[in-house]
Amino acid sequence: MWSVGFSALFRREILRFVRRPKNTFMPPAITNVLYFAVFGLILGGRIDEPVEGIGYILFLVPGLVVLGTISNAFENASFSIFHGRWNEYIHETLTSPLSYAEMVVAYVGASAVRGLIVGVIIAVIGRLFVPISIENGLFLVVTMIVIAALFAGFGIIGGLVARDFDDLTVMNQFILRPLVFFGAVFYSLTMLEPIWQAVSMLNPMVYMVDSVRYGLLGYSDMHSVAPAAYAEFAPYASLGVLTLLTVVVIAVDVYLFKIGYGLTD
Amino acid sequence: MPPAIETTDLVKEYGDLRALQELSLTVEEGEFFGLLGPNGAGKTTFINTLVGLARKTGGEARVFGHDVEAEYQEARNAIGLAPQEFNVDRFFPIREVLMHKAGYHGIPEDEAAERADEVLKRVGIYDKRNERFDWLSGGMKRRLLLARALVTDPDLLILDEPTAGVDVQLRHDLWELVTELNEEGTTVLLTTHYIEEAERLCDRVAIMNEGQKVTVATPDDLKTRGTDTITVRLESSPAVAPDLGEYAHETTLEDGHLEVRVDDGGSTAPQLLHDLEADGYEIADLEISRTSLEEIFVDLTRSEDRTVTRSGASETDEPTEDETDDGAAREQEGIA
């Protein structure tokens with residue numbers, strides 16, 4: 001898997017976003033400074049602790065980290081694939097002897113790295129506003145890698161399906177963002193009526209935000225909101241499902257490359 | 001050694017359209033092979049099925065014995081492609097673009113850098129190595145496409161209309177370079193609709209039309225398939241064209257010039273002169289014109305939708321290089 005060809009493509013993908021920090025790292029950094037300042041400091045001061053022992057700014061950190069990570073992983077993969085299709089330079093990769101799996105893993109891997117870097121940047125910004133001590137480090141790292149890879153994998157599909165740049169915007173703004181905002185980033189599920197708690201359980205983002213919150217703060221909404229059978233194993237069950245989903249999505253990516261969906265005539 | 005390219009009953013369909021219709025073609029290793037045909041004949045589709053930019057609908061295609069789908073990695077590793085379109089990575093300076101391409105083909109970074117410099121020098125744009133693709137002139141872009149095809153040191157070089165829209169100087173430079181490469185042992189597949197180019201460079205040409213192979217032959221062989229015209233100026237013009245032997249397929253008389261269409265002008269001329277003199281005509285002048293490859297090509301690919309251009313003529317229906325350069329895409333660059 002780690003062939004010279006794979007490394008070359010992975011490196012190319014990393015360099016593409018690293019050399020453009022104004023386009024890739026500055027926007028989420030600025031947005032999150034605003035989130036922490038407005039929602040955390042100004043409004044958060046007037047909001048009771050959503051969960052006992054965890055202040056509002058601290059409660060926000062995991063959700064914002066997830067929001068930044070997955071949207072950047074998705075955006076990077078979808079843009080890289082779509083821009084390459086649009087200008088047809090993805091042919092440089094497609095006509096090379098790289099295996100389809102190598103191509104996909106290089107695109108997904110690099111996009112996940114961008115998502116993770118943004119996640120770290122947001123955590124560091126959060127740390128400027130509130131002290132953070134990581135409760136379950138290993139669980140947190142594994143979860144972050146899984147969700148970054150998952151959304152990078154979704155991004156590949158988005159980049160292959162898109163017909164113009166507007167489609168990418170639609171996917172990010174009208175699908176991804178609302179799901180994350182209703183994914184308990186800014187509130188605890190315990191604050192909702194039971195009916196909305198049940199509805200929220202259908203939103204996959206809830207499990208991601210909750211898992212990262214568990215890794216970072218040691219608190220999971222699932223323990224009080226999910227059905228007893230699931231609550232007992234949450235958030236490890238969430239991580240298991242997310243990992244499985246990531247493997248499936250990447251397998252779909254490889255399949256789409258193999259049949260040349262969106263890539264070949 | 002298996003042939004460089006071998007296809008058997010290759011079919012590619014786009015919905016109802018059959019772009020390739022049971023195309024069987026063999027290009028031997030070391031050959032300089034031309035693919036001639038009007039626009040829409042299926043030349044680019046044929047190439048795309050070999051390099052992985054189109055999936056075949058049926059039949060078989062092998063590159064140096066490797067099936068282009070089952071053994072796609074081996075097949076693609078052998079090919080260097082200079083396409084018609086400017087499909088070059090716009091995020092990086094061209095030297096890095098070449099290094100990346102070499103890297104994808106398994107060439108380690110140090111060696112990739114050396115090769116990138118080498119091919120940039122070879123095509124004459126080394127001093128532009130730190131520029132990005134968008135800032136190159138049309139001719140330089142064309143040179144870069146060739147450099148990118150060469151950076152992986154391919155055994156099979158595929159050139160898809162490499163001289164479309166380029167100036168005379170560049171065209172000659174490119175011809176010289178690919179001839180040199182072919183002499184060094186690289187198999188070359190060239191598609192063109194400049195007849196002169198095929199005639200000048202290719203060992204053999206295949207003429208394609210509407211996704212089918214019309215014929216495969218050497219340019220010389222092809223020319224013998226056409227007829228020659230012997231034009232004779234007579235001292236005193238007769239009222240009607242004289243009756244000649246069976247060798248004359250067609251005889252016309254115009255302004256005192258007698259035009260006789262024959263299979264082979266050189267060997268038929270003495271007989272014609274003899275016959276005319278025997279009939280009492282006095283011959284003032286004689287000229288033999290051979291059928292051009294272009295005329296044969298036109299005959300072979302006769303259809304309503306045809307674009308054939310002479311080398312150097314400008315009436316192609318292709319966009320100019322500026323038009324193919326996607327300004328809108330450039331604006332999008334770097335936004336994410």
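**Salt bridges, an interface and a helix**

B:Asp173 is partly exposed, with a relative accessible area of 27%; buried means under 20% relative accessible area, exposed over 50%, and partly exposed in between (1.4 Å probe, protein chains only). This is a predicted model, in which local features need pLDDT of at least 70 and side-chain atom pairs count only at pLDDT 80 or more, while totals for chains, interfaces and linings use all residues. Residues are numbered from 1 along each chain as its sequence is written, chains are lettered from A and ligands numbered from 1 in the order in which they are written, and side-chain values use heavy atoms, with hydrogens and water left out.

B:Asp173 forms a salt bridge with B:Arg143, with 3.2 Å between the closest N and O atoms; the term stands for a side-chain nitrogen of Lys or Arg within 4 Å of a carboxyl oxygen of Asp or Glu. B:Asp173 lies in helix H6 of chain B and B:Arg143 in helix H5 (residues 138–150) of chain B, so the pair ties together parts that are 30 residues apart in sequence. Helices (H or I, at least four residues) and strands (E, at least two) are DSSP runs, numbered from the N terminus. B:Arg143 is buried, at 18% relative accessible area.

Over all chains, the search of the whole structure finds 18 salt bridges. One of them joins B:Glu161 to B:Lys43, with the closest N and O atoms 3.8 Å apart. The two are 118 residues apart, B:Lys43 being in helix H1 of chain B and B:Glu161 in the loop between strand S7 (156–160) and helix H6 (168–183) of that chain. Both B:Glu161 and B:Lys43 are buried.

Chains A and B meet through 40 residues from chain A and 43 residues from chain B, where contact means heavy atoms within 4.5 Å. Four salt bridges cross this interface. One residue pair with a salt bridge is A:Arg11 and B:Glu109, at 3.4 Å between the closest N and O atoms. On the side of chain B that touches chain A, H3(B) gives the most, with six residues. A:Ser99, in the loop between H5 and H6 of chain A, touches B:Tyr72 and B:Gln73, not counting residues up to four places away in sequence. At 15% relative accessibility, A:Ser99 counts as buried.

In chain A, the 24 residues of helix H13 (residues 236–259) should span 34 Å at 1.5 Å a residue, and the end C-alpha atoms are 35 Å apart, which agrees. The expected span is 1.5 Å times one less than the number of residues. Buried residues of H13(A) include A:Leu242 and A:Phe257. Just after H13(A), A:Gly260 takes a positive phi of about 75°.
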